[in-house]
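Reader: I am new to this one and would like to go through it slowly. Could you show it to me before we start?

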Amino acid sequence: MDWNTIDNYWFIAAVILLIIEIVTPGFVLASFSIAAFAAGFCQMIGLGIGFQLFVFAAVSLVTFATLRPIAKKYFYHSKPTIQTGVNAIIGKDAKVIESIQNESGVGRVKILGGEDWKASSLTGNPIHEGSIVEIKRVEGVTLIVEEKNTL
């Protein structure tokens with residue numbers, strides 16, 4: 001293999017694209033790198049430049065359309081989002097500081113380690129003062145809670 005001919009430019013381009021892909025992940029340039037390797041192989045077996053360009057374009061499209069979603073799924077995991085605001089308190093425990101009675105619209109809870117909120121029972125059943133509840137959702141300024149089973 002003579003490295004001074006134009007024939008090797010496919011492989012040189014493939015390696016350069018692969019190196020750039022490593023530095024700037026996203027699996028865009030890797031698709032072109034794979035295609036350049038395929039076009040270089042076509043050149044090695046003696047196929048014309050028109051066919052090499054066709055193979056480069058076709059392999060680029062196929063790898064971009066098929067391998068990129070798979071690569072993104074396995075290599076670029078998104079971190080779990082951190083809940084903020086009222087979404088951050090959903091699922092937390094709270095202590096009932098005023099008995100919750102949906103019919104009369106009364107009831108308050110104090111989030112463990114936080115502030116107190118108006119509360120309503122998820123099931124509609126009254127919840128006695130001192131009970132520990134889990135916050136299920138927030139409706140306006142009212143927490144919808146469910147009594148935890150304490151065995």
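Author: The chain exposes about 9,900 Å², and carbon and sulfur atoms supply 64% of that area; accessible areas here come from the Shrake-Rupley method with a 1.4 Å probe, and for residues only the protein chains shown count as cover. This is a predicted model, in which local features need pLDDT of at least 70 and side-chain atom pairs count only at pLDDT 80 or more, while totals for chains, interfaces and linings use all residues. Residues are numbered from 1 along each chain as its sequence is written, and side-chain values use heavy atoms, with hydrogens and water left out.

Reader: How many helices and strands are there in the chain?

Author: The chain has three helices and five strands, and along the sequence they follow the pattern α-α-α-β-β-β-β-β. Helices (H or I, at least four residues) and strands (E, at least two) are DSSP runs, numbered from the N terminus.

Reader: And why is the chain said to be more spread out than a compact globule?

Author: Its radius of gyration is 31 Å, well over the 15 Å that the globule rule gives for 151 residues, so the chain is more spread out than a compact globule. That radius is taken over C-alpha atoms, and the rule is 2.2 Å times the number of residues to the power 0.38. Taken along the principal axes, the C-alpha atoms fill a box of roughly 90 × 30 × 25 Å.

Reader: What share of the residues count as buried?

Author: Of the 151 residues, 27% count as buried, where buried means under 20% relative accessible area, exposed means over 50%, and partly exposed is in between (1.4 Å probe, protein chains only).

Reader: Let's pick a residue, then. Where is Thr63, and is Thr63 buried or exposed?

Author: Thr63 sits in helix α3, which covers residues 49–75, and with a relative accessible area of 7% Thr63 is buried. A polar atom of the Thr63 side chain lies 3.2 Å from the backbone oxygen of Ser60.

Reader: Which residues is Thr63 in contact with, leaving aside its neighbours in sequence?

Author: Once neighbours within four places in sequence are left aside, Thr63 is in contact with Phe27, Ser31, Ile34 and Arg68, contact meaning heavy atoms within 4.5 Å.

Reader: What about Gln52, is that residue buried or exposed?

Author: Gln52 is also placed in helix α3 and is buried, with a relative accessible area of 5%. Trp10 is 42 residues away from Gln52 in sequence, yet the two are 9.4 Å apart in space, C-alpha to C-alpha. Trp10 is also among the contacts of Gln52, together with Ala39, Cys42, Gln43 and Leu47, leaving aside neighbours within four places in sequence.

Reader: Changing topic to the strands, where does Glu134 lie?

Author: Glu134 lies in strand β4, residues 132–139, and is partly exposed at a relative accessible area of 24%. Glu134 and Lys92 are 42 residues apart in sequence and 5.7 Å apart in space, C-alpha to C-alpha. Leaving aside neighbours within four places in sequence, the contacts of Glu134 include Lys92, Ile144 and Val145.

Reader: And where is Leu122?

Author: Leu122 lies in the loop between β3 (116–121) and β4, and at 36% relative accessibility Leu122 counts as partly exposed. Not counting residues up to four places away in sequence, Leu122 touches Lys136, Arg137, Ile144, Val145 and Glu146. Between Leu122 and Glu134 there are 10.0 Å in space, C-alpha to C-alpha, and the two are 12 residues apart in sequence.

Technical notes. Polar contact = N/O pair within 3.5 Å; in protein donor to acceptor, adjacent residues only side chain to side chain.
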